[in-house]
Every structure is written in C-alpha cells, then in structure tokens.
Amino acid sequence: MRRLAAAVALLALLLPGGAAVAKPDPRWVFYTDDTTWYTSPWFGGQHRIMIPFGCTEAPYYAPDPRCADEHGFHHGIDVAMPCGTRLYAARRATVVDPGSLGPAYGTTPLLLHTDNWDLVIGHTRKRFVAPGDEVRRGQLVALASDNGAPDGCHLHFEKRAPGGGLDTATYPRGLLDLTAVVR
Ligand SMILES: [Zn+2]
C-alpha cells in the first residue's frame with residue numbers, strides 16, 4: 001500500500017499541469033481583482049490571470065503615456081501557472097524565429113504566426129517545436145517556466161498584428177479562449 005502511494009505521488013510529479021502539482025509559486029503577485037480560475041486550450045490545468053492587458057500598477061514596466069500615475073502598460077495577459085505546466089497550440093500556426101523579441105520574454109519564447117495574428121508566448125522552456133514548423137490544434141509545444149520572469153512561473157500571451165512589433169499588441173483575451181471554472 002505504501003509503495004502504491006509512493007508510485008502515485010511520483011506519477012503526480014511527472015504530470016506537469018495536473019492538479020496534484022498546482023502549488024502556488026511564492027513569487028506570484030496578482031495585480032487584478034479577477035480571482036477566477038480558467039481553463040484554456042492553450043494550457044493544461046486551471047489557472048488565474050496574474051497581470052491583465054493594459055495599464056497596470058505592476059512594477060515591471062516603464063511608465064507609459066497611456067497610463068495614469070506613472071503606471072506601465074502590459075502588452076499581454078500573464079497567466080500564473082506552476083513551472084512545467086504544458087503549453088499547447090490552440091490554433092493552427094507557423095512557428096517563427098523569436099530572435100528579435102528581447103530578454104523580457106526569456107531566452108526561449110515562442111512566436112506563432114498566422115495570416116490574422118501573431119502570438120508571442122513568453123517564459124516558456126523546453127520548446128518541442130522549431131521555427132518553420134506548422135503546429136496543429138492540441139499539439140504540445142512547450143512548458144511554462146520562470147525564464148526571464150522575476151515574478152515566478154507563468155506564461156505571457158501577447159497578440160500582435162501579423163509580423164508586427166510590440167506597438168501592434170492588442171487585447172488577446174478572445175484568442176486565449178478562457179473558460180471560467182466553478183470551484
Ligand atoms: Zn507579461
């Protein structure tokens with residue numbers, strides 16, 4: 001019986017994204033009133049938004065003329081999730097070289113391209129796809145991590161115009177297909 005319990009515990013550790021390993025990261029700070037837990041075809045498990053899109057009092061961004069009180073502008077949505085949570089492609093897209101993104105997204109971010117939008121996903125590690133790959137819906141593409149993130153493990157989802165830069169970032173919520181979970 002004890003061996004069975006140990007085996008189950010080990011299995012839980014080996015299943016990133018599973019409820020058994022969804023321990024909060026002590027570095028997380030939630031800059032939102034939204035305490036809803038969400039599922040999404042983009043990631044395993046149920047998680048909360050940590051920093052929403054737009055002006056934010058989170059201290060990681062330079063003061064932005066669009067925002068009051070010297071607040072910065074967050075160009076994506078941060079979803080807090082334990083290190084190792086699985087990231088899936090929820091749409092068909094082409095993987096593009098993310099080389100020009102800069103260090104704020106970590107050293108191994110993902111950049112997905114379509115005719116209608118680009119999606120930058122920051123703070124990934126263990127990318128399972130490479131530039132030039134066509135990804136299909138439901139394909140495992142990377143894992144969440146704290147690569148480049150001072151505030152703990154999470155994923156940053158940033159929607160841009162196709163081939164566009166940071167200044168083309170728009171509200172990505174619809175693309176994330178978030179579904180509220182009743183807990
Ligand atoms: Zn972010």
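**Exercise 1. Decide whether F30 is buried, partly exposed or exposed, and describe the aromatic pair that F30 forms with W28.**

Solution. In this predicted model, the relative accessible area of F30 is 27%. Buried would require under 20% and exposed over 50%, so F30 counts as partly exposed. The next step turns to the ring geometry: the centres of W28 and F30 lie 6.1 Å apart, with 80° between the planes. Since an angle over 60 degrees counts as edge-to-face, that is the class to which the pair of W28 and F30 belongs. Finally, the face of F30 has R48 lying over it, at 3.9 Å from the ring centre.

**Exercise 2. Classify the ring pair of Y31 and Y60, and work out which parts of the chain this pair ties together.**

Solution. The ring centres of Y31 and Y60 are 6.4 Å apart and the planes stand at 90°, so this pair is edge-to-face. Y31 belongs to the loop between α1 (2-13) and β1 (37-40), whereas Y60 belongs to the loop between β3 (54-56) and β4 (72-74), and the pair therefore ties together parts that are 29 residues apart in sequence. As for accessibility, Y31 is partly exposed at 22%, and Y60 is partly exposed at 34%. Ring pairs also bring in Y61, which forms a cluster with Y31 and Y60.

**Exercise 3. State how many aromatic pairs the whole structure holds, and which residue lies over the face of W37.**

Solution. A search of the whole structure gives seven aromatic pairs. Over the face of W37 lies R183, at 3.8 Å from the ring centre.

Definitions and conventions
Residues numbered from 1 in each chain as written. Predicted model: local features only at pLDDT ≥ 70, side-chain atom pairs only at ≥ 80, totals over all residues. Heavy atoms only, no water. Phe/Tyr/Trp six-rings, centres within 6.5 Å; stacked < 30°, edge-to-face > 60°. Buried < 20%, exposed > 50% of the residue type's maximum accessible area, 1.4 Å probe, protein only. Helix = DSSP H or I, 4+ residues; strand = E, 2+ residues; numbered from the N terminus. Lys NZ or Arg CZ within 6 Å of the ring centre and 35° of its normal.
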